[in-house]
Amino acid sequence: MYVHVIYMSISGNVRRFAEHLKQYALQQHCISEDSPLISLSEIRKDTSPIELRSNFFVILPTYTVTFAQHWIEILTTPMHHHLKKYNNYEKCLGFIGAGDASSGMYAITARAYANHYKAPFLTAFESHGTEMDVERIYSLLKFQAIQKIYS
């Protein structure tokens, strides 16, 4: 079984986390074949949307600017295009955020996407995450994916 994760990475932190997550999944799968593998797709500004045929999770960085006392999400517009095209958002099982926990905007982009697409905001991690974050988020994705299969 595979758990599909699509993500955006501007600074490289989310990409680094996603790769660690994939490697951890491989280790877990070698221990027990019941543990799912992770497949990754990075969405970039030049990525053409494709129709996704299986359920997936989204990991997003937090990039915002403040304009007239309101925050404006920036740089992740290609993810919106990818989710909207072919109604891909209907297969999204949840959003995970990345960012700086000391800022007042921690994981705000993933939270906004979750709200907009009416999918769960699952969790967040700082910067490129820790080993504990990788283990925690892998367990969460595994649980959510298995729960979806049996619901």
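Start with helix α4, residues 131–149: in this predicted model, α4 lies across β1 (2–7), β2, β3, β6 and β7. Against β7, the helix runs at about 165 degrees.

The five strands make an open sheet, and reading along it you get β2-β1-β3-β6-β7, with parallel pairing. The edges belong to β2 (37–42) and β7 (121–126), each of which pairs on one side only. On average, neighbouring strands in this sheet are turned by 25 degrees against each other, ignoring direction. As a reminder, strands of a sheet pair through backbone hydrogen bonds, either parallel or antiparallel.

For a worked case, pick out β3 (residues 56–60) and β6 (residues 92–99). The two run parallel and are joined by five bridges. If you want one to find on screen, go to F56: its bridge partner in β6 is C92.

Next, the side chains. The largest nonpolar core counts 23 residues, and L21, I38, F57, I59 and L141 have the most contacts inside it. Two or more residues each come from β1, α1 (13–31), β2, β3, β6, β7 and α4. Helix α1 gives the most, with six residues.

What does L21 touch? Leaving aside residues up to four places away in sequence, L21 touches I38, I59, V134, I137, Y138 and L141. Two of these, I38 and L141, are also on the list of residues with the most contacts in the core.

There's also a second, separate core, this one of 16 residues, including I6, M8, I43 and F56.

Definitions and conventions. Residues numbered from 1 in each chain as written. Predicted model: local features only at pLDDT ≥ 70, side-chain atom pairs only at ≥ 80, totals over all residues. Heavy atoms only, no water. Pairing = 2+ DSSP bridges. Helix = DSSP H or I, 4+ residues; strand = E, 2+ residues; numbered from the N terminus. Axes fitted to C-alpha atoms, helices over the stretch in contact; angles between N-to-C directions. Contact = heavy atoms within 4.5 Å. Core = buried A, V, L, I, M, F, W, Y, C linked by side-chain atoms within 4.5 Å. Buried < 20%, exposed > 50% of the residue type's maximum accessible area, 1.4 Å probe, protein only.
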